[in-house]
Amino acid sequence: MTEQELSPEAPRPGDLAEALPPSLRTYELPGPRRVVTYGLQLASGVSGELRWASLYIGLLSLGLLGPTLLYGIAVVVHFSVTNVDSFQGLLFANRSALAAFIGLEALAGGAIFGWLAVTIDGRLIAISLLAARAGGRAFTLRDATIRARQVFWRMVGAAFLVGIVALVAQLIVLAALGDLNGSSQGASLIATLVATLVTAPFGYVATGIVLGDVGASESIWRSVRLARARPTIAIVVALFTFAASAIQTFALSAGLGIIVRVGQFLHLGVDAGWFSLVLVVIGILAFVVALGSLAFTVSAIVVAPQVAAFLGLTFYAGGLDRARRPEADVRPKFRWITRPMVALMGLLALGALSGIASLR
């Protein structure tokens with residue numbers, strides 16, 4: 001050994017790795033056959049952080065969707081609606097029912113708008129937590145939430161552009177299959193699969209925004225270049241995203257079916273007892289929390305292979321450092337629920353309460 005190696009001041013290899021900037025740190029690039037397995041292992045390693053994040057997203061979902069669902073239950077009970085056909089017939093014969101339906105639609109629109117924002121936040125939070133674990137960083141849910149809010153509008157812009165491409169591809173396939181209105185479930189599934197493959201080159205858009213810290217249009221072009229570098233990995237990631245999303249859709253449909261059957265079993269209507277009504281309300285609110293948590297969990301599983309592939313191709317995760325570096329001299333106070341979201345939740349709750357009061 002040399003004198004430098006024996007010196008106590010000589011840095012250890014681990015210290016050197018920690019001292020390297022994000023662009024010089026090495027990550028394993030799994031092949032097409034292992035990218036999904038590697039991503040799932042990465043998600044399993046950060047399961048503790050993801051569990052708290054899923055609860056956070058579930059509670060936000062409850063605040064957004066809960067009031068609308070409660071008002072919907074009140075409408076069903078008040079007008080004793082047993083199915084969709086009877087409710088449609090009631091709209092033409094009863095003005096109060098029509099007003100209640102319009103109010104319900106307005107609340108549902110606001111709730112869905114807010115919930116879509118929460119799901120985008122959840123996706124960005126999941127990417128941050130997964131990438132931090134892959135790089136051995138100490139990254140909390142608070143840090144991940146800050147990073148999600150920093151790049152939220154970039155992600156919205158990129159998702160809008162990619163969504164246009166996917167929509168055009170779906171319409172072309174449906175037109176070719178002679179089912180432009182999408183009434184056939186098989187045709188819709190084929191159209192969605194084709195759209196997934198068409199948008200496969202854009203699979204690294206979200207990771208490019210969160211980890212690469214670039215804008216919406218730049219993330220799209222960089223994603224295409226990364227996909228061209230390893231096209232088989234991009235296709236595998238896209239197909240995995242399609243499969244996971246399909247499983248989530250089937251699970252949600254099954255859950256809604258169970259809720260409906262429980263309501264029918266308890267004879268939900270004007271003659272329903274308070275005990276049955278309370279059980280249904282508790283069950284639906286619990287379902288909303290589970291829905292938000294499930295949506296986040298599936299999103300985390302879906303983006304895990306994307307994160308693994310992006311880090312292996314670029315060796316870069318410097319965007320995470322922006323969550324801890326103030327953008328100005330005075331850093332704004334962190335809020336778990338932003339003021340616009342609090343305002344939206346308050347409006348939904350107020351609208352639901354006023355709607356329920358008007359039914360008496």
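Let me start with Trp 336. Its relative accessible area is 40%, so Trp 336 is partly exposed. One caution before I go on: this is a predicted model.

Aromatic rings, then. The structure contains three aromatic pairs. Trp 336 belongs to one of them, with Tyr 56 as its partner. The two ring centres are 5.4 Å apart, and the planes meet at 70°. Why is that edge-to-face? Because planes over 60 degrees apart count that way, and 70° passes that mark.

Tyr 56 is in helix 4, while Trp 336 is in the loop between helix 13 (274-314) and helix 14 (339-358). These parts are 280 residues apart in sequence, so the pair ties them together. Buried or exposed, what is Tyr 56? Tyr 56 is buried, at a relative accessible area of 13%. Phe 334 joins Tyr 56 and Trp 336 in a cluster linked by ring pairs.

Another pair brings together Phe 152 and Trp 153. It is also edge-to-face, with 5.0 Å from centre to centre and 85° between the planes. Phe 152 is buried, at 14% relative accessible area. Trp 153 is exposed, at 66%.

On to charges. Side chains of opposite charge can pair when their charged atoms come close. How many salt bridges does a search of the whole structure find? Six. I will take three of them.

Glu 49 and Arg 133 come first. Their side chains form a salt bridge, at 3.2 Å from N to O. Glu 49 is partly exposed, with 26% relative accessibility. Arg 133 is partly exposed as well, with 35%.

Next, Arg 154 and Asp 213. This salt bridge has its closest N and O atoms 3.0 Å apart. Arg 154 is in helix 8 (residues 152-176). Asp 213 is in the loop between helix 10 (205-210) and helix 11 (216-229), 59 residues away in the chain. Both are partly exposed: Arg 154 at 24%, Asp 213 at 22%. The pair does not stand alone. Arg 147, Arg 154, Asp 213 and Arg 322 are linked in a network of salt bridges.

The last one is Arg 225 with Glu 218. The closest N and O atoms are 3.7 Å apart. Arg 225 is partly exposed at 48%, and Glu 218 is partly exposed at 30%.

That brings me to helix 11. Helix 11 has 14 residues. At 1.5 Å a residue, helix 11 should span 20 Å, and the end C-alpha atoms are 20 Å apart, which agrees.

Which residues of helix 11 are buried? Ala 216, Ser 219, Ile 220, Ser 223, Leu 226 and Ala 227. Viewed down the axis of helix 11, these buried residues fall within an arc of 130°, so they line one face. The spacing has a simple background. An α-helix has 3.6 residues a turn, so residues three or four places apart point the same way. Trp 221, Arg 228 and Ala 229 are exposed, on the other side of helix 11.

That is my tour. Questions, please.

Key. Residues are numbered from 1 along each chain as its sequence is written. This is a predicted model: local features need pLDDT of at least 70, side-chain atom pairs count only at pLDDT 80 or more; totals for chains, interfaces and linings use all residues. Side-chain values use heavy atoms; hydrogens and water are left out. A salt bridge is a side-chain nitrogen of Lys or Arg within 4 Å of a carboxyl oxygen of Asp or Glu. Buried means under 20% relative accessible area, exposed over 50%, partly exposed in between (1.4 Å probe, protein chains only). Helices (H or I, at least four residues) and strands (E, at least two) are DSSP runs, numbered from the N terminus. The expected span of a helix is 1.5 Å times one less than its number of residues. The arc is that of the directions from the helix axis to the C-beta atoms. Rings of Phe, Tyr and Trp (its six-membered ring) pair if their centres lie within 6.5 Å; planes under 30 degrees apart count as stacked, over 60 as edge-to-face and the rest as tilted.
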